[in-house]
Amino acid sequence: MKRRDFIKLAALGSAAALGDFVFPGILKGKSARTEINPNFKPDVELELRAMQDRVQIFSGPSTKVWRYWVKPLKGPENAVKNLSDTYLGPILRLERGQKVRVIFHNDIPDKTIVHWHGLHVPEKDDGHPRFVINKGEKYVYEFEVNNRAGTYWFHPHPHGRTGPQVYYGLAGLFIISDEEEKNLNLPSGKYDIPIVIQDRSFESKNQLLYLTNRMQKMWGFLGDQIMVNGRPNYTLELGTATYRLRLLNGSNSRIYKLAWSDGTLLTVIATDGGLLEKPVTKNYLMLGPAERVDLWLDLSGRKVGDELVLKSLQFEGAGMGMMDGRGGMMGGGMMRGRRGGMMGNRGGMEGRQGGMMGGAMGGGMVGSFSGETEFEIMRVKITHRDDARYTLPESLSTIKFYKPEDAINYRNPRTFVFAMMHMQPTINGRTFQMTKVVSDEVVRLNTTEMWKFVNSRTGIEMPHPVHVHDVQFQIVERTPSDIGWDSIKDGFVDNGWKDTVLLMPGMEAKVIMSFKDYTGLYLYHCHNLEHEDMGMMRNFLIKG
Ligand code: C2O
Ligand code: CU
Ligand code: CU
């Protein structure tokens, strides 16, 4: 931003006490990057395309999808890998410190833009919805990979259309490595396995079904078919070795309570923003939309022929907050008509149903709200002996933990209340405005702040996975939720870097983050993609 714009902003800022002020129109679209900068010398350069395609997911008709496809132009061979038997986008593998140029082409009949979720990049590279491009247009990203080693991802971010675009297949992993991580000698190559968990619904001709009415939208899309890496009934065939599993919840709204079927503890080595200080073991793990965890899986003590199932367990708090139960409202329509009027598990209705029938595609019943029933996510089959052994380091990384006093406003944190009011998702009573921020959404470059996110009890109670662009934050406090706390309380890993925090109804979280390197307009929003599309998203401005 140029000097005179700061002055303009400062002037507007002082008027903000009277109410909203409009962000100067200069950044609206005009600052988009549509041509390459010849002075930028990328280590990795790729052409990324969003396109329509067909994928053979089930037997019978192939499925129409939207997907990302990449063409490497420059850089190491292992930097990009397209996945052919799935709608999921390519896996990009970058190293911290590399400069990357992505020439993005939009070949889908919809406006779109790409966001690099979790990455600390300049505002032009963040994929803000004001930068959307039409079919046939291109957008150029040129940035340095700043983040710690970890499991990040990318997905579209057009306002009002992110839900359907991700749903039809647009998403991919962005895996970063760095020197610190390399020195640990963690499982790599075929021992480093991405696991993207999503839910989908298909009609009888194998085509994807997305939601249509506002009531379904209000809760967020929930499918009846679990997909892992874009495939149904996913089975990993592994050896008696040690593995790193990189889990991403890439679902639009479904929350998982992860557990191994035989009671094996989950060993977590990383969260959204990379490695923890030390491995953490859990009986179960809550994974909200957009959250990641890296798991350590040691199969060395297993026998060939053994099987292990990654499950999602039943939990409370994401069902009906009021009215007649979620299933009742949905009328079974989105569940391919296989079930009648299910009732929610709250509000005094009889809800939990035992042995529901398996799905037509063999996917099993996953429930019409998160946590309703237990179901399988994927199977691990031990098919052969493999003596590859990696040792789980006792110490993985050093994290400099913030103290509350590190935040300039720790006595009076900025507070953002997420609430579903009159079927309209809101943040502090507001909804998304493309280039607008209000006075409590302006922060200063080179400051550290505490933000308090509140999942309001007013209106309809539902979970909100809250995400902030540009930063990784630390969770310094999380209060219990109002509903079913006992069924989820051990499932959070809050002692690492995060960019998304799952807030169950009534929950509050205080997070601390620093605004560094880049000024500009970024987003914070609910990562329930239907909530985001309905406007549970706002800008914040980092001022120099
Ligand atoms: Cu994963 Cu604003 O997004
Ligand atoms: Cu993001
Ligand atoms: Cu939400």
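How many helices and strands does the secondary structure of the protein chain come to? Six helices and 33 strands, taken as DSSP runs numbered from the N terminus, with at least four residues (H or I) for a helix and at least two (E) for a strand.

Quick housekeeping. This is a predicted model, where local features need pLDDT of at least 70 and side-chain atom pairs pLDDT 80 or more, while totals for chains, interfaces and linings use all residues. Residues count from 1 along each chain as written, chains are lettered from A and ligands numbered from 1 in written order, and side-chain values use heavy atoms, without hydrogens or water.

Okay, the whole chain. Of its 544 residues, 62% count as buried, meaning under 20% relative accessible area, with exposed being over 50% and partly exposed in between (1.4 Å probe, protein chains only). Take the contacts with a separation of 6 or more: 79% of them come from residues 24 or more positions apart, a contact being heavy atoms within 4.5 Å.

Now the metal. The copper ion, ligand 2, is coordinated by NE2 of H115 and NE2 of H467, at 1.9 Å. H115 sits in strand β7 (residues 114-117) and H467 in strand β28 (residues 464-468), so this pair ties together parts 352 residues apart in sequence. Both histidines are buried. Donors here are N, O and S atoms within 2.8 Å of the metal (3.2 Å for Na, K and Ca), and water isn't among the atoms, so sites may look incomplete.

On to the rings. There are 32 aromatic pairs: Phe, Tyr and Trp rings (six-membered ring for Trp) with centres within 6.5 Å, called stacked under 30 degrees between planes, edge-to-face over 60 and tilted for the rest. One of them is Y402 with W497, edge-to-face at 6.0 Å centre to centre and 85° between the planes. Y402 is in the loop between β22 (375-384) and β23 (414-421), and W497 in the loop between β29 (474-478) and β30 (500-503), so the two tie together parts 95 residues apart. Y402 counts as buried at 16% relative accessibility, and W497 does at 15%.

Then Y524 and F540: centres 6.4 Å apart, planes at 55°, so that pair is tilted. Y524 belongs to strand β32 (residues 520-526) and F540 to strand β33 (residues 537-543), 16 residues apart. Y524 and F540 are buried too.

There's also one aromatic cluster whose members include Y68, W116 and F174.

R478 lies over the face of F492, 3.9 Å from the ring centre, and K257 over the face of Y284, at 4.2 Å. The cut-off is NZ of Lys or CZ of Arg within 6 Å of the ring centre and within 35 degrees of the ring normal.
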